[in-house]
Amino acid sequence: MLSRTADHLFWMSRYIERAENLARLLDVTYQMSLVPQSLDAINQSWAAIIALNSLEEAYAKKYSVVNGENVLRFMVSDPDNFASIHSCLRLARENAHAVRGTLTTEMWETLNSTWLEAREKTFDQLFNAGIGDYFEWVKMRSSLSRGTTLGTLLQDEAYHFIRLGTLLERADNTARILDVKYHVLRPQGDEGATDFYEWGALLRSVSAFEVYRKVYRDVITPERVAELLIFNKDMPRSLQFCMNSVIKNLDLISNSNSGETQRQAGMLHAHLRYGRIEDILEHGLHEWLSDFMDRIYMLGNGISKDFLVPMGEAA
Amino acid sequence: MNFYNEMMDAHGGVRAHYQGYDTWLKATPPERIARKRAEADLAFHRVGITFAVYGEEAGKERLIPFDIIPRIIPAPEWESLQSGLRQRVKALNMFLHDVYHDQEIIKAGKIPAEQILNNAQFRPEMMGVDLPGQVYAHIAGVDIVRAGEGEFYVLEDNLRVPSGVSYMLEDRKMMMRLFPELFAKHKVAPVQHYPDMLLEKLRAVAPKGVSNPTVVVLTPGAYNSAYFEHTFLAQQMGVELVEGRDLFVKDEVVYMQTTQGPRRVDVIYRRLDDDYMDPLAFRADSSLGVPGILKAYQAGNVTLSNAIGTGVADDKSIYPYVPDMIRFYLGEEPTLNNVPTYMCRKPDDLKYTLDHLAELVVKEVHGAGGYGMLVGPASTKEQIEHFRQLLIAKPDGYIAQPTLALSNCPTFVEEGIAPRHLDLRPFVLSSGKCVDMVPGGLTRVALTKGSLVVNSSQGGGTKDTWVLEE
């Protein structure tokens with residue numbers, strides 16, 4: 001497969017997955033903000049989203065105060081914010097457009113009509129209609145695009161690059177959601193009634209509320225939530241699940257240059273395969289997650305260098 | 001002017017080959033038609049069958065309007081068109097081979113040497129280069145119009161990068177999806193095997209000794225007006241769609257950059273003009289092409305389709321000589337008519353043109369796409385005077401032709417169903433001695449009342465084209 005084609009496929013799937021995860025993160029933050037608490041605490045969790053995406057500067061250029069509506073406006077519909085859901089859906093569509101011949105008709109039509117619909121919606125319309133509905137819509141469109149991929153695409157290299165993009169992005173995003181929420185929730189030390197709703201919302205944001213019940217059959221504790229999202233090998237949005245799949249897809253596309261990238265992926269996978277939540281919490285979850293996100297970033301670079309960026313005549 | 005109507009005869013009766021459609025149209029409730037037309041619009045948008053218009057906001061995409069009344073051609077009429085097209089394209093390919101080898105046609109005095117050798121489209125780089133099967137224009141899009149019963153004229157032979165075939169295929173798909181009952185009642189000759197036929201031709205002209213050639217489609221990129229078509233054809237043929245930056249040349253061999261390293265490329269269906277193909281040989285500022293590809297091509301290590309330098313045969317200054325080419329190379333009388341053409345570089349022709357501007361169509365010799373032309377009868381005094389100045393300043397840049405009474409066909413427009421002018425572009429595929437085409441082609445229709453310009457860039461639409469077996 002053409003390197004450039006693989007590159008577009010990889011980024012197409014990353015952007016659609018990123019849009020979905022951003023919708024999930026904003027949704028959980030919005031829901032948590034509805035639970036009675038101080039305005040400060042609420043605005044702090046909105047500020048965390050901006051910080052998480054390193055967008056403080058760009059945000060400050062447009063808005064003087066951090067509050068729910070502003071952050072939502074910025075992260076949902078702002079075309080100038082390259083990290084907004086709007087931009088992600090556009091970029092997913094643009095990447096798909098560049099390789100539409102490689103996609104099945106159903107996949108292309110899904111991404112194209114997602115973008116055409118998204119383009120029509122102004123933020124005020126979305127907000128007044130209930131922003132939660134919009135987040136549901138984004139998740140459904142992402143599911144649809146994943147579904148058409150799984151249901152119609154030949155499972156050859158194209159499919160492997162799409163899966164790689166999806167899983168790397170998801171691993172990164174699950175780590176992010178956990179990182180930002182764990183820190184907003186945990187330092188309070190208050191394990192009273194609101195905690196249940198907040199942790200519940202976090203689990204729901206990665207569709208893991210029922211999964212948690214099934215796996216632990218017990219009350220919700222922060223440690224178990226972290227364990228579930230990091231180590232559960234069967235939960236489609238957990239870090240281990242993502243890395244299992246990354247390893248598998250990377251094996252299927254390996255070439256003569258990709259040895260080092262595969263080794264790095266294997267190391268990261270081993271951490272998840274044989275790690276324990278107790279050890280992570282002892283050394284600090286935030287540090288561990290930051291390190292994990294760095295490694296995911298490096299892995300993305302490695303894949304880019306080995307497969308996606310033309311190697312030139314020398315190769 | 002009296003125009004030939006494709007559907008109705010001079011007395012207002014429905015022509016035999018439109019009887020079935022007419023019956024269906026009268027029996028179908030207008031609401032259903034309206035619903036189906038809206039459905040078609042929506043589907044074309046969702047599928048993204050769009051084109052970009054040069055001069056409009058960058059990246060903006062428009063739909064080409066699709067009309068649900070088909071253009072129907074009876075099989076016998078198509079048979080005669082087809083044999084005329086075979087003859088014409090065969091002669092054009094022989095002309096190109098001759099021009100770039102022994103130039104017998106010049107020696108025989110049939111075409112003035114300077115018309116060929118000084119033509120901007122003539123590529124001296126191609127002199128003496130031998131091509132597989134001696135074919136230059138593997139894909140030709142010949143524009144044909146009808147003036148009367150059995151009276152067809154060739155307007156243009158597009159031998160560089162003719163486009164539009166994807167609309168031909170998508171229009172058919174759309175008609176079958178909207179109105180399957182019509183196809184149950186009519187024997188419409190299928191066209192969907194075009195990509196297969198194209199792939200077969202491209203494989204047949206691979207460089208010598210390559211038994212299982214790697215074929216690719218080369219596009220200028222996603223912002224090109226015909227990008228949809230490029231992706232469509234690559235996908236339908238199951239070959240890679242590449243851009244210039246995906247290819248490189250090493251030791252006069254072309255490779256593409258893949259996830260498994262470089263891979264050799266044997267046949268390139270390029271949708272990029274000569275000028276942009278190789279910054280080392282042609283326009284140095286082109287970032288769309290592949291440095292060194294001309295050398296690889298000259299060495300016979302890769303096939304370009306169409307060949308470099310085909311423009312010398314479809315240039316409007318060469319067009320008037322095509323009937324002579326057919327006589328010279330094939331020893332046959334041309335089946336298809338040429339439009340009588342005044343070459344303004346000749347003083348007599350220029351004088352005639354200037355005296356009759358209001359009746360003539362004036363075209364730039366090197367223009368294409370309906371840009372830079374004057375349709376006398378449809379123009380204002382100012383426009384005519386403007387062209388008069390252009391002509392006087394640069395007579396050899398223009399040709400003039402009588403305004404043909406282009407046939408028309410009932411078409412859905414705002415005020416209901418009304419006749420609109422149309423043309424036909426069949427896509428003719430050549431490899432070696434073999435010249436093939438799928439029945440019909442792309443019918444383009446000028447949606448503006450009275451307009452004779454059918455180009456999509458000038459607001460033209462398309463119709464499904466049916467070659468109807470008896």
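This report describes helix packing, strand pairing, domains and the chain contact in a predicted model.

Residues are numbered from 1 along each chain as its sequence is written, and chains are lettered from A and ligands numbered from 1 in the order in which they are written. Because the model is predicted, local features need pLDDT of at least 70 and side-chain atom pairs count only at pLDDT 80 or more, whereas totals for chains, interfaces and linings use all residues.

## Helix pairs in chain A

Helices (H or I, at least four residues) and strands (E, at least two) are DSSP runs numbered from the N terminus. Axes are lines fitted to C-alpha atoms, for helices over the stretch in contact, and angles run from 0 to 180 degrees between N-to-C directions. The table sets out two helix pairs.

| Helix pair | Angle | Axis separation |
|---|---|---|
| H12(A) (residues 239–253) and H13(A) (residues 259–274) | about 150 degrees | 9 Å |
| H2(A) (residues 39–52) and H4(A) (residues 68–76) | about 20 degrees | 9 Å |

The angle in the table makes H12(A) roughly antiparallel to H13(A). Angles under 35 degrees count as roughly parallel, over 145 as roughly antiparallel, 65 to 115 as roughly perpendicular and the rest as oblique. H12(A) passes H13(A) in a left-handed crossing, a term used if the near helix is turned anticlockwise from the far one by less than a right angle, with right-handed used if clockwise. Two residues are in contact if their C-beta atoms, placed from the backbone, lie within 7 Å. On the H12(A) side the contact includes Leu239(A), Met243(A), Ile247(A) and Leu250(A), and the H13(A) residues that they meet include Ala265(A), Leu268(A), His269(A) and Leu272(A). By class, the residues of this contact are eight nonpolar, five polar and one charged. In this classification Ala, Val, Leu, Ile, Met, Phe, Trp, Tyr, Cys and Pro count as nonpolar, Asp, Glu, Lys and Arg as charged, and the others, Gly among them, as polar.

H2(A) and H4(A), by their angle, are therefore roughly parallel to each other. Their crossing is left-handed. Ile42(A), Trp46(A), Ile49(A) and Ile50(A) of H2(A) make the contact with Gly68(A), Val71(A) and Met75(A) of H4(A). The residues of this contact divide into six nonpolar, one polar and no charged.

Elsewhere in chain A, Ser207(A) has a phi near 50 degrees, a positive value in a residue other than glycine. Ser207(A) lies in the loop between helix H9 (193–205) and helix H10 (209–216) of chain A.

## Strands of chain B

Two strands pair if DSSP finds at least two bridges between them. Chain B has an open sheet of four strands in the order E7-E6-E11-E12, with parallel pairing. Strand E7 (240–242) and strand E12 (303–305) of chain B are at the edges with a single partner strand each, so one side of each has no neighbour in the sheet. Direction ignored, neighbouring strands of this sheet are turned by 30 degrees against each other on average.

Strand E6 (residues 215–218) of chain B is joined to E7(B) by three bridges, and the two run parallel. Val216(B) has Glu240(B) in E7(B) as its bridge partner. Helix H9 (residues 227–237) of chain B packs on the sheet and touches E6 and E7 of chain B, its direction making about 150 degrees with that of E7(B).

Asn306(B) is placed in the loop between E12 and helix H12 (311–314) of chain B.

E8(B) and E9(B) pair in the antiparallel sense over four bridges, and Val249(B) has Val254(B) in E9(B) as its bridge partner. These strands form a hairpin with two residues between them, and Asp251(B) in the turn has a positive phi of about 50 degrees. E9(B) is also joined to E10(B) by four bridges, again antiparallel, with Met256(B) opposite Arg263(B) in E10(B). E9(B) and E10(B) form a hairpin with two residues between them.

## Domains and chain contact

Chain B is divided into domain 1 (16–338 + 404–468) and domain 2 (342–402), with bounds from an automatic or database domain assignment. Their centres, taken over C-alpha atoms, are separated by 26 Å. The contact takes 13 residues from domain 1 of chain B and 10 residues from domain 2 of chain B.

Between chains, 21 residues of chain B are in contact with 22 residues of chain A. Elements giving two or more residues to the chain B side include helix H2 (30–47), strand E8 (247–250), strand E9 (253–258) and strand E10 (261–264) of chain B. The residues of that side divide into eight nonpolar, eight polar and five charged.
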